[in-house]
Amino acid sequence: TKYDVVLLDAYLGNYTVPEHLVTREFFEQVRGAMNEGGIAVGNFIVSPNFSNKFSRHIDATFRRVFRHVSRQVMDEDYNLWNEDPNYVDNVLYFARVS
């Protein structure tokens, strides 16, 4: 079975996500289960400003598998200049499989 939309949202709290669900191999499995033109949506609790290694890892890994990626920070008070590595928020990643 192939899917038009896949939603990834496996968090229990800040940084509490099974380790194998943020790997290149897992994202490749997701991509392989999708129809051409399908949309993958990932809800990740990360630093919107990439101020920690975990946030940079998820961004780079997701983009390695899904070539055309957009992201949206969900915090209405998002501050681009906040460098606090503990500042995290829901960041939605969107990718179209082509």
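This is a predicted model: local features need pLDDT of at least 70, side-chain atom pairs count only at pLDDT 80 or more; totals for chains, interfaces and linings use all residues.
Residues are numbered from 1 along each chain as its sequence is written, and side-chain values use heavy atoms, with hydrogens and water left out.

Let me begin with the sheet, where helices (H or I, at least four residues) and strands (E, at least two) are DSSP runs numbered from the N terminus, and where two strands pair if DSSP finds at least two bridges between them. There is an open sheet of 4 strands, in the order β1-β2-β4-β3, and its pairing is mixed. Because β1 (3–8) and β3 (69–73) each have a single partner strand, they stand at the edges, and one side of each is left without a neighbour in the sheet. From one strand to the next the twist averages 15 degrees. If we look at β3 in particular, 5 bridges join it to β4 (residues 89–96), and the two strands run antiparallel; within this pair, Ser70 stands opposite Phe94 in β4.

Across this sheet lies helix α2 (residues 53–65), which covers β1, β2 (34–46), β3 and β4 and runs at about 180 degrees to β2. For that angle, axes are lines fitted to C-alpha atoms, for helices over the stretch in contact, and angles run from 0 to 180 degrees between N-to-C directions.

Pro48, in the loop between β2 and α2, counts as buried at 1% relative accessibility. Leaving aside neighbours within four places in sequence, Pro48 is in contact (heavy atoms within 4.5 Å) with several residues, among them Arg71, Val73, Tyr78 and Val91. Pro48 and Leu92 are 44 residues apart in sequence, yet 10 Å apart in space, C-alpha to C-alpha.

Trp81, by contrast, is found in the loop between β3 and β4 and is exposed, with a relative accessible area of 70%. Together with Tyr78 and Leu80, Trp81 forms a nonpolar patch on the surface, with about 380 Å² of accessible area in total.

Finally, the charged side chains: how many salt bridges does the structure hold? There are 3, a salt bridge being a side-chain nitrogen of Lys or Arg within 4 Å of a carboxyl oxygen of Asp or Glu. Arg24 meets Glu25 in one of them, at 3.3 Å from N to O, and Arg24 also bridges to Glu28, where the closest N and O atoms are 3.2 Å apart. Glu28 and Arg24 are 4 residues apart in helix α1 (residues 24–32), and are therefore separated by about one helical turn. Arg24 is partly exposed at 37%, as is Glu25 at 44%.

Arg63 counts as partly exposed at 31% relative accessibility, whereas Asp59, at 11%, counts as buried. Salt bridges that share partners join Arg24, Glu25 and Glu28 into one network.

Terms used:
Patches are made of residues with over 30% relative accessible area and no salt bridge: like charges are joined within 9 Å, nonpolar side chains (Val, Leu, Ile, Met, Phe, Trp, Tyr) within 5 Å. Accessible areas come from the Shrake-Rupley method with a 1.4 Å probe; for residues, only the protein chains shown count as cover. Buried means under 20% relative accessible area, exposed over 50%, partly exposed in between (1.4 Å probe, protein chains only).
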